Structures are given as C-alpha cells and as structure tokens.
Amino acid sequence: MEIPLPTLKRLPVYYAIFSDAHAQGKTFISSQEISDILGIDKTQVRKDIALTGYVGKPKIGYDVKGFMEHLDRFLGFKQEKRAVMIGAGNLGGAIARYTGLQQYGFVLAGVFDSDPAKIGTLVGGLKVQPMDELEGTIRKEQATLAVLVVPGESAQAVAERVISAGIEGIWNFTPSQLKVPERVALWNQNLTASFLALSMMMRKEPVRVPYDKSEGARESLYLCMGSACHQRGSFFVLETLKGMLQQYDVSDKIELKGAFCLGHCSDGITMKFRDQILTGISKENIQERFLKEIFPFIG
C-alpha cells in the first residue's frame, strides 16, 4: 500500500511523541492525546497509524513501546544510511557534529569542500576531502544519501554529480530548487523560507500583500502559510499568485492574505476564496487552478 506523503511526513513526529511518552513512563497513549499535541483531528491520527498496519486497543489507545518497535521496522529507522556531505562551512560543520541522527541509522562517511583552506581539516571527526574525490568515496563507502550545504549557484551541478555516482536521496540545505530524476528522493531544508514562514506565523494580524492598485474594496484570497503547507511550497505559490494578480489586472479587486492554517493540512497546500476551500494546490498547478476556480468569479 502506498502511503500519502503528508502521512509519511507525520510518522516521524508520531515517533517523537511516542518516544516522549515512553520516557515519561507511559505504557499507552490515545489518539486524542496525540491529536491535542499536534492540533489535528484524532480521526486523522488513527488513519495515519492504521496505514502502517498497526492497530490500537479500543478505549485504551496505542501501546507505546509496541508502536515504537513497529515504526522502527516500518520506517527502517535502525537501517544504516551512509551519507556524504558537500560543504564544510559553519552549517555543514554543525550538521557533521550533531550526533542526534545516529540513533536513526545516519552514518556520515565523508565530508567534501572546494575551499583549499578547509581541505584536510577535521569536521565532525572526519577529514575534509577535495571535490575530485567525491564520486570515488560515494562508491567506496556505498553511500546512498548526500547532504548538500553548498552555495545555491553550485547546488544543481553538485546534485547531478552525486546522482551519477549512485546517490539515492538528497537532503538539500541550499536555497536552490533542484531538478532530480523521479527515482531520487529529495528533501528541501530551506532555512530562509522556514524563518520567513515562522515570522509570518508570529504576526498577530493576517499578512497583507501590497499592490499598486489600491482603490475600492477588494475581496480576500487566503493562502495557508502553516508549516505543512510551507513544506509543500506555499511561498512559491505566493509569488506566483502575486504575479498573476498583476498579469490579469485584478490586484485592485483581490487582496492576497496569508493564513496560519485553514484546517486541511493533509490535502496539500490550501487556499480559501469566499466560502470555497481549495485544496491540493501546488506551484505546478496554481496557474490552472486560479484561472479555472477563482478568476471567472472575480467581479
């Protein structure tokens, strides 16, 4: 059974909740307790956990230790994942020195940089290697994961090199949107976008995007900027929408606003126009969805 991406993203969070419960000496935890912690419906919690093949006990909840062991096997937490990291600067060094990932099978097998001043220095107990040794080390160490902490302008070229050497997954800490084959898993960890999303969430009033045309009353078009939608690319959708409102000359009729959460996190990026909730929005389909479902109704 194929598990939806939103559920896959929540499973490690469930694991952390169960780990905390185990540390507190709890033997069972209910879907309601998990729901209260995460702020999502308990029905969604039960659906997510059921998709892994684990069933709780009615009116009691989930066996804490039992589910942790089950999720260990299901997600392969204990399976070794050998990694190489490209970029030995401040952020790369911090990641290399962080030991919290080791319990989940993360093994850093090599650190690389193009800066001659960094080559040969120790980062996280590993000697920094020159870039011309990258492919050979990936093959020798049988690494399957690459951690990219390089300047944005060189990220795509580095990604193509590691993929050609056999890398199956990329943890991308660069601001670049990488293009990778479908067979390669990609996770973007954009710190700048995360900070901007957090700043927006901290505001007490809805975020209002300024436009050149300001006369007359405008209808509100809400775009969810919560953490789940942010991970799916809501900032890219925001930029596209801003351009389209100008392109189709409706910025004097529509006011674009950011919302903390519109309550449909599991269904993809969400927007609200009038009383209509639009789910499953992405940077690839936003133009089509806007023209079909919003633009024709703008007065």
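Glu-168 lies in the loop that joins α7 (152–164) to β8 (169–172), where helices (H or I, at least four residues) and strands (E, at least two) are DSSP runs numbered from the N terminus. The model is a predicted one, in which local features need pLDDT of at least 70 and side-chain atom pairs count only at pLDDT 80 or more, while totals for chains, interfaces and linings use all residues. Residues are numbered from 1 along each chain as its sequence is written, and side-chain values use heavy atoms, with hydrogens and water left out.

Leaving aside residues up to four places away in sequence, Glu-168 touches Thr-144, Arg-183, Val-184 and Ala-185, contact meaning heavy atoms within 4.5 Å. The C-alpha atoms of Glu-168 and Leu-186 are separated by 8.8 Å, the two residues being 18 apart along the chain. Just after α7, Gly-166 takes a positive phi of about 115°. Within α7, Ala-155, Val-158, Ala-159, Val-162 and Ile-163 are buried, that is, under 20% relative accessible area, with exposed meaning over 50% and partly exposed in between (1.4 Å probe, protein chains only). These buried residues of α7 pack against β3 (81–86), α6 (134–141), β7 (145–148) and β8.

Most residues other than glycine have a negative phi. Lys-59, although not a glycine, has a positive phi of about 65°; this residue is placed in the loop between α3 (42–50) and β2 (62–63), and with a relative accessible area of 92% Lys-59 is exposed. Gln-142, also not a glycine, has a positive phi of about 55° and is found in the loop between α6 and β7, where Gln-142 counts as exposed at 63% relative accessibility.

## Packing of α1 with α4

Helix α1 (residues 5–23) and helix α4 (residues 64–75) pack at an angle of about 145° with their axes 9 Å apart; the axes are lines fitted to C-alpha atoms over the stretch in contact, and angles run from 0 to 180 degrees between N-to-C directions. Among the residues of α1 that meet α4 are Leu-11, Tyr-15 and Phe-18, and the α4 side includes Phe-67, Met-68 and Leu-71. The residues of this contact divide into 12 nonpolar, 2 polar and 2 charged, with Ala, Val, Leu, Ile, Met, Phe, Trp, Tyr, Cys and Pro counted as nonpolar, Asp, Glu, Lys and Arg as charged, and the others, Gly among them, as polar.

## Aromatic pairs and a charge over a ring

A search of the whole structure finds 8 aromatic pairs, in which rings of Phe, Tyr and Trp (its six-membered ring) have centres within 6.5 Å, planes under 30 degrees apart counting as stacked, over 60 as edge-to-face and the rest as tilted. The rings of Phe-18 and Phe-67 have centres 4.5 Å apart and planes at 45°, so this pair is tilted. The pair links distant parts of the chain, Phe-18 in helix α1 and Phe-67 in helix α4 being 49 residues apart. Phe-18 is buried at 0% relative accessibility, and Phe-67 is buried with a relative accessible area of 0%. Phe-18, Tyr-54, Tyr-62 and Phe-67 form one aromatic cluster.

The charged end of Lys-283 sits over the ring of Phe-236, 5.8 Å from its centre, the criterion being NZ of Lys or CZ of Arg within 6 Å of the ring centre and within 35 degrees of the ring normal.

## The chain as a whole

The secondary structure of the chain comes to 11 helices and 14 strands, and buried residues make up 43% of its 299 residues.
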